[in-house]
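Subject: Model handover, salt bridges

Hello,

Please find the structure below. My notes on its charged side-chain pairs follow.

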Amino acid sequence: MKQTLGNLERQLFAYAQMRGLRTLRTGDLTKALGISARQESKLFTRLSNGGMIAQVRRGLYLVPERLPLGGQWSPDEGLALNALFEAQDDRYQICGPNAFNRYGFDEQVPSRIYVYNNREWGDRRIGAVPLTLIKVADKRLGDTETVQTVEGSKVVYSSRVRTLLDAIYDWSRFDTLPRAYDWIRKELKAKRVTAAELVAVTLKYGDIGTIRRMGVLLDRERATAPLLKKLEKALSTTTSLIPWIPTKPKRGTVSRRWGVVINERS
């Protein structure tokens, strides 16, 4: 960590604070501080490496409203995510383990923030915020809620019902089957979600495998015939079968209606 501020460092923070700026870009300081592009680049690098500002991506940096005692600073998750996806056509929603924990499905607190988005993929870190970015098509983004963090930033989460769907759709990434079936049963019993909501979100954001598995589950939970028919209409006739629990051998009773092998003891 950088322990002392030089003249240029002090000028950078004074410039940002006087104008109420939380982000700075390459080129912002050359005219404002009367320095060369090379000096600006070295300045950003020194402060970023020293933990006083946070690099969001190449050429974009987050700065604190005021430098804390000791100099070390990191943005909260909301500030980091909103800076990363600041363009109007960029969208994101926190998903997976973070959403499972938020809605009480899983008690484990994840060490990373998992994010569906339409721009970035891979692991990265913004300040002290570790991210796993999962790039998806625009049509797979949606059904969200906005949440305010303790620090006052606003972040976008997948909704409760969307999170349950993703626990089936993205089971291999999040290791959530068969646990997700129990989560859905409990949510239906507690009336925190409805079968109609699950059908709607499945048809909009699911794939064929997800529709089949959701069909089996809601059939077992005695959803109404019209709701089950909506799911059936989205399926084409096929003789291929998929397992109810993908990680177990495909042996068990067969649901011809949904094309699923019920490979569990129940």
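Does R124 count as buried, partly exposed or exposed? At 25% relative accessibility, R124 is partly exposed (buried means under 20% relative accessible area, exposed over 50%, partly exposed in between, with a 1.4 Å probe and protein chains only).

Two notes on the basis of the values. This is a predicted model, in which local features need pLDDT of at least 70 and side-chain atom pairs count only at pLDDT 80 or more, while totals for chains, interfaces and linings use all residues. Residues are numbered from 1 along each chain as its sequence is written, and side-chain values use heavy atoms, with hydrogens and water left out.

The structure contains 19 salt bridges (a side-chain nitrogen of Lys or Arg within 4 Å of a carboxyl oxygen of Asp or Glu). One of them joins R25 and E86, with an N to O distance of 2.1 Å. This pair links distant parts of the chain, 61 residues apart: R25 lies in strand β1 (residues 23-25), and E86 in the loop between α4 (77-84) and β4 (92-94). Helices (H or I, at least four residues) and strands (E, at least two) are DSSP runs, numbered from the N terminus. R25 is partly exposed at 39%, and E86 is partly exposed at 36%.

R124 pairs with E120, their closest N and O atoms being 3.0 Å apart; E120 is buried at 12%. In E187 and R192, the closest N and O atoms are 3.0 Å apart. E187 is buried at 4%, whereas R192 is partly exposed at 46%. Elsewhere, salt bridges with shared partners join R57, D90, R119, E120 and R124 into one network.

Regards
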